[in-house]
Amino acid sequence: MKTIVMDSANKYLVVALYENQKCLASLQEEGNRKQSEYAIVYLQKLLQENYLKMSDFDEMVITIGPGSYTGVRVALTIAKTLNATMNIKVKTVSSLKAMAGMKKAISILDARSHKLFLGIYNEGKVIVDDCLINIDEFENYQEQYSDYEIVGDTHLVGIPEKEVDLADHIYTLSTLEKEIENVDGLVPRYIKEVEAKKICQ
C-alpha cells in the first residue's frame with residue numbers, strides 16, 4: 001500500500017510518501033500562502049527522487065480543515081483530481097487532530113480575529129469536537145483538561161511552540177479513518193460562528 005500525505009490547511013506545507021507504514025520521503029515547510037504554489041511542485045519532486053509516479057499510489061490522505069480558506073482547498077483539489085483520474089482512494093484527517101497526533105492533547109490553531117480553532121483528543125479519539133472559541137475562553141479548557149499537552153499555535157496563548165512531525169501524525173491517524181466514499185462531494189471543514197455556538201460547549 002502506497003500513500004501520499006498532504007497538509008496545506010495552515011502554516012505548514014506537508015508532503016510525504018509512505019509505503020506499508022514506512023516513510024519513503026517527507027517535506028514539512030513553514031510559509032503561509034506557499035501551499036498553492038508549491039504543493040504539486042514538492043509532490044513531483046519527492047516522486048522523482050524516489051523513482052515513483054502518481055499512478056503507483058493507492059491512497060491519498062489530506063487534512064480537511066479547519067484552516068485557511070484557500071489552503072484547505074489545495075490538498076483537497078489534488079486529492080479529488082487523483083481520485084477522478086486514477087481512482088486513488090482518499091482519507092481525511094482534521095487539521096486539529098493532525099497537530100495532536102496520538103497524544104493526549106488540546107490542539108489549537110489560529111482562527112484570526114482574536115479567535116482559536118480548538119479540538120481535544122486522547123490517542124486519536126475526540127474528547128471535545130473541533131470548534132471555534134475566543135482566545136479569552138482558552139483558560140477554561142486549559143483548567144478543565146489540565147493534564148493534556150497543548151499543541152499547535154501555542155504562542156497565541158503564551159506557550160512556546162514545538163514543531164511536530166505532521167506527516168507522521170497524519171499517516172498514523174489515517175489508519176483509524178475510513179475511506180471517503182463520495183470524494184466528489186467532499187468539502188473543506190470550515191467552522192463558522194453559528195456552528196461554534198452549537199458544538200463548542
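Trainee: What covers the buried residues of α5?

Mentor: The cover includes β1 (2–7), β2 (12–19), β3 (22–30), β4 (59–63), β5 (89–93) and α3 (95–100). This is a predicted model, where local features need pLDDT of at least 70 and side-chain atom pairs pLDDT 80 or more, while totals for chains, interfaces and linings use all residues. Residues are numbered from 1 along each chain as its sequence is written, and side-chain values use heavy atoms, without hydrogens and water.

Trainee: What makes α5 a mostly covered helix?

Mentor: Seven of its nine residues are buried (under 20% relative accessible area with a 1.4 Å probe, protein chains only; exposed is over 50%, partly exposed in between). Among them are Leu166, His169 and Tyr171. Helix α5 covers residues 166–174. Helices are DSSP runs of H or I, at least four residues; strands are runs of E, at least two; both are numbered from the N terminus.

Trainee: Why is glutamine 35 called buried?

Mentor: Its relative accessibility is 3%, so glutamine 35 counts as buried. Glutamine 35 is found in helix α1, residues 35–49.

Trainee: Which residues is glutamine 35 in contact with, leaving aside its neighbours within four places in sequence?

Mentor: Ser8, Asn10, Lys11, Tyr12, Leu13 and Val74. Contact means heavy atoms within 4.5 Å.

Trainee: Val74 belongs to α2. How do you know that the span of α2 agrees with its residue count?

Mentor: The expected span is 1.5 Å times one less than the number of residues. Helix α2 (residues 69–86) has 18 residues, so it should span 26 Å; its end C-alpha atoms are 26 Å apart, which agrees.

Trainee: What do the buried residues of α2 pack against?

Mentor: They pack against β1, α1, β4 and β5. Val74 is one of these buried residues. Just after α2, asparagine 87 takes a positive phi of about 60 degrees.

Trainee: Why is strand β6 called largely enclosed?

Mentor: Five of the seven residues of β6 (residues 104–110) are buried, so the rest of the structure largely encloses it.

Trainee: How do you know that β6 and β7 pair?

Mentor: Pairing needs at least two bridges found by DSSP. β6 and β7 (residues 115–122) have seven, in the antiparallel sense.

Trainee: In what sense do β6 and β9 pair, parallel or antiparallel?

Mentor: Parallel, over four bridges, with β9 at residues 149–152. Isoleucine 106 stands opposite isoleucine 150 in β9.
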